[in-house]
Amino acid sequence: MRLTLNGEAVDLDARSDEMLLGVLRADGLLSVRETCGIGVCGACTVLLDGAPVSGCLVFARAAEGREVTTVEGLGGDDAVQRAFASGRAFQCGYCTPGMILTAKAFLAETPSPTEDEIRVALAGNLCRCGSYVKIIEAIKEAAT
Amino acid sequence: MSAAPPEWLTPSSLDEALRLRAERGDDATVLAGGTFVAILMNQGLLTPAAFLALRDVPGLDTIAIDDGELRLGALVTHRAVELSRVVRENVPALALTFSVVASPRVRNQATVGGVLADADYASDPPAMLTALGSRAVARSVRGQRDIALEELIVGHYTTSLEPDELLTEVRVPLGEHRAAYRKFRSRSHEDRPCVGVAACRRPHELRVAVGAVAERPQWFPELCEGEPAEIGRAYAAAIDPLDDIRGSSDYRRRVIAVEVRRALEEIAA
Amino acid sequence: MSDPRTTGASRFAEDARLPDMLYARILRSPYAHARIRSIDTSLVPDSCVILTGEDVRDLERYGPQIQDQTVLALYEALYAGDPVAAIAAPTPREANGALELVFVDYEELPAVTDVLEAREPGAPLVHETARIAENEAAYFEMRPQPGTNVCHRFRIRRGDPEAAFAGADIVVDETYRTAGAQHVHMEPHASVARWQDGVLEVWTGTQTPFNVRSDLARVFHVAPEAVRVVCEPMGGSFGGKTFVRLEAIAAALARKAGRPVKAVLDRSEEFQTLNRHPAVVRVKIGATEDGTLVGARIWCWADTGAYADSGPGVVQKMGFAAPGPYRIANVWVDADCVYTHLPPNGAFRGYGQMQSTFARELVLDVLADRLGIDPVELRLRNVLRDGDVYATGETVHDCMYGECLQAAARAVDWNAGRRGKGLGLLMKGMQTPSRAEVVIEAHGDEYIIRCGATEMGQGTWRTIALLAAERLGVDLSHVRVEVPDTNVVPYDSRTTSSRTTYVMSRALDDAVRDLHAGDGRRGHGVVVIEGGLDPDTGAGVASHHWHQGAAACELRVDEETGRVEVLRLHAATYAGRVVARAGAELQNEGSMIMGLGSALYESIAFADGQVTNANLSDYEIPSFADLPAQLTHELIEKPGAEIHGLGETALPPVPAAIGNALKTLDVEVHELPITAEHVLNALERQVPA
């Protein structure tokens, strides 16, 4: 099945009953993580045509012909990535790709958010290490 | 143990979709956004023989005003309703209701048609759509029929849709009104509703629908009279709420009285 | 500036792949207690490898403190979720499919699923006998009570509390129940096992590589040197990835298959593998009119589930931390570790000390209220100071409890009014005894550090590199910490108990000394922390030094629904000396947020011994939107002080602070979590009929 993945046209194998998460991981994109299976934790967040979705809930075939972005496709020097790195907005780092993609999409829509707006927009991304305080600071930093 | 993947049917017109629906019935699992179906599959609870994916069917993803009604296509995402200027200007309480569902990720994917067809009790939109006096439009090869929202969801994960029908849109009456939706979470902000109260006051009618407390939204037209506190107490007495991880039946009953009253106070004239 | 965590380059244990690898799935008992009559595997395809009790009967029993575990249940399943069979298949999909073709014939047996019922004489016995482990994880004497479900009993016997109560002006006696909780580390448990020429290699997420090595060696009857454990970074652990978890099943499958096997748990299985001890804690404290605490009698019953795991150690700590940082001349504690037919409970951030701290701190506020003394004042009158003797008979030093308490109180404007405000004070032990070693290798200008410290998000490799760079007098960029591989790193007890920064700083001191004393190419440092307690009297040295912290909160309650809104939450922790500031802040913040979850949301629900909320929608952890409007903390330092670990300190006092704040609003809580329903019930009890 054909789609645009991190800016490149690719052809991936996908069964009709496979989710996008599995297909992306099989393709080596290990930043997209598999853990809750019900779309509530955000560790499998990818951008589908620029909008955050749960990779574990999107049927792979439903992504056919669309644009998928993972954190590997941001180039490493993206403003949000840099703000997270310099602000040490992580502990184990497992949830970080999901946080970054969600924050990117959010800031694109809401370039000057209040702290409350950040909290609500990111609330669907869970961090058990509890890096929330520093993540909020990093997002504020990236917004400036 | 079947190793063959399910058929992936992608009709490119509504007629083709309806034809396939009539042929396959419940053997082909309908996919709109697919969030609910994906959860069932991830948990190993569903192994369909085929998928009937609606993504390529044109005309199901529009929001429009037509003849005094707001029309939401079945494939309109929650996020589209949340952000739609048309909805925010004409039925702001509906935009709010869709905006408090789950997370932005789910709202980017889940659809108006899907949330109704899934008929999950712990859901926000059905109660609000019921209070607004909405109707669902169901199409089949046999024709079209309108189903009042309060007649659509009949039980846990069960609708009154026939096996050959597809829900194609929802229509919400416009006109002067004040409406509110209150999502009561008993735990985290991210929790599903413990009690959801939708209230809509129109010039000649007040409707209150309570969701997430029973298998279907609870609306008692005969109880929608009097002061907010009275209505709250009446609803609490009339509903036999379920128990789940978010609250016991007894707790829900107490919260129903409070949240119904609060919703009505929000829309007091 | 970039970091692998932001670019997607991080690799965790669950990402490990080996050529020719098979994928494992586990078949688990649906019953809390059942005899396994037979297992029919005839329909499992030949492409899959199937393991049942028959295949592992020759393997040894294991367990870090009591050896009560077998690789698979052999004759009886002892909890709903107990592994009964396992499949290894070429793909996860095939493994799932094959699992459905294994048919087990069970005979249900009576089950005991409540700790107070299980401790009673005559309750069904989960295990007939308790064989005590002989390994470094069993670092204290065990006291299993024969003929009962009590697999360890820890006692403190100091003075005569009953006599003290008789002479006291007031005695408060209250009981509290804390629910079980799940670590919910975002990365699941994951292990890959491979046998090669009689050597077992395991790539796994674990905090305890050397314990895993010694137990696997024991299980498979090989020398420890024939087992290699490699610890990739973990996507969180919080105690869940300790001791043998999936490694033995993966290794047994790999042995039978002759190929590497990878085992990864799904989220529902995480609730059936290792959880936090639910507990019932009864606290009786007596005081004189002026607020002097004269006696304490405390009972703890901790539900350790069907396998003891590190339950005895958890209970020992629950018990020795129970009296708290107060001068009390007469203290008796009885802490029992009790088997039930529920999933095993083990290490969980706080290690038993949250449960007893919650109970005791709430009782102190009840006392304060009845005496008409301010809760801060009551504590300050009794708080331990340098040179005081604790309930274990050890002399305490470097006491900063009063400072932590006052800092927390200040942060919520305690003196401006008390309504809606509460606080809690913690005295927590650090693993004692223990041993840590580190090797420094110099390669020109570059230094490689080898030690057993495992990375789970606490930033230990960076902290150790900072400590080494400091001592070597070089820039951080010249120091690299290797991934722990038991083949190439020296021994370390384990990465638990917030001990690592402290012990490694001392081991590095020793290693640098050794490096300079030799040819400058290699230095080997060793630190041995001594101590321990008599389990019958509680006398001895519980902790080389103590972790100290306080939390304070201000909250309000929606009186019509019982919903609690925490307005501000502050933790004041004693750090001694901060090494990596950002990391230290993150640990405090993370601990506080986890404490918030324990206080308000987190509880594992059971029906007939089965977990009924084994997913992240029905079991909730705090999200961004649940944070208090103000969440702050401070790291208290003192010149010349020892480095104090911070991995857990800010968690246990948080539920106590919230419970005590609710008391000022006439909501008396006796359970954790404090649900809205409990609060509403408590409020309605206050309303006169």
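How many residues does the contact take from chain A and from chain C? I looked this up before anything else in the model, which is predicted. The contact takes 40 residues from chain A and 40 residues from chain C.

**Entry 1: chain A against chain C**

I went through the chain A side by element. Helices H2 (79-86), H3 (96-109), H4 (115-122) and H5 (132-143) of chain A each supply at least two residues to the side that touches chain C. H2(A) gives the most, with five residues. I then sorted this side of chain A by class and got 22 nonpolar, 12 polar and six charged residues.

**Entry 2: domains of chain A**

I checked how chain A is divided: domain 1 is 2-73 and domain 2 is 75-143. The C-alpha centres of these two domains of chain A lie 20 Å apart. Across the boundary, 13 residues of domain 1 of chain A are in contact with 11 residues of domain 2 of chain A. On the domain 1 side, strand E3 (45-48) and strand E4 (51-54) of chain A each supply at least two residues. E3(A) gives the most to that side, with three residues. By class, I noted eight nonpolar, four polar and one charged for the side of domain 1 of chain A that touches domain 2 of chain A.

**Entry 3: chain B against chain A**

Next I turned to chain B. I found 24 residues of chain B in contact with 22 residues of chain A. The elements giving two or more residues to the chain B side are strand E1 (7-9), helix H2 (35-42), strand E3 (50-53) and helix H6 (104-109) of chain B. That side of chain B has 12 nonpolar, eight polar and four charged residues.

**Entry 4: a sheet in chain B**

In which order do the five strands of the open sheet in chain B run? I read the order as E4-E5-E10-E6-E7 (chain B), with antiparallel pairing. Strand E4 (63-66) and strand E7 (143-148) of chain B stand at the edges with a single partner strand each, so one side of each has no neighbour in the sheet. I recorded an average twist of 25° from one strand to the next.

Strand E5 (69-73) and strand E10 (166-173) of chain B pair in the antiparallel sense over five bridges. B:Arg71 has B:Arg171 in E10(B) as its bridge partner. I also noted that helix H1 (14-24) of chain B packs on the sheet, where H1 touches strand E6 (135-140) and E10 of chain B. The direction of H1(B) makes about 80° with that of E6(B).

**Entry 5: domains of chain C**

I listed the domain assignment of chain C: domain 1 (4-109 + 193-264), domain 2 (275-431 + 538-686) and domain 3 (434-529). The centres of domain 1 and domain 2 of chain C, taken over C-alpha atoms, are separated by 35 Å. Between these two domains of chain C, 18 residues of domain 1 are in contact with 18 residues of domain 2. The domain 1 side of this contact in chain C divides into nine nonpolar, seven polar and two charged residues.

**Entry 6: helix H3 of chain C**

Which residues of helix H3 (92-99) of chain C are buried? I found C:Glu94, C:Ala95, C:Gly97, C:Ala98 and C:Leu99. What covers the buried residues of H3(C) includes strand E1 (22-28) and strand E5 (83-89) of chain C.

Terms used. Residues are numbered from 1 along each chain as its sequence is written. Chains are lettered from A and ligands numbered from 1 in the order in which they are written. This is a predicted model: local features need pLDDT of at least 70, side-chain atom pairs count only at pLDDT 80 or more; totals for chains, interfaces and linings use all residues. Domain bounds come from an automatic or database domain assignment. Two residues are in contact if their C-beta atoms, placed from the backbone, lie within 7 Å. Ala, Val, Leu, Ile, Met, Phe, Trp, Tyr, Cys and Pro count as nonpolar, Asp, Glu, Lys and Arg as charged, and the others, Gly among them, as polar. Helices (H or I, at least four residues) and strands (E, at least two) are DSSP runs, numbered from the N terminus. A residue is buried if 20 or more other C-beta atoms lie within 10 Å of its own, exposed if 12 or fewer, and partly exposed in between; C-beta atoms are placed from the backbone. Two strands pair if DSSP finds at least two bridges between them. Axes are lines fitted to C-alpha atoms, for helices over the stretch in contact, and angles run from 0 to 180 degrees between N-to-C directions.
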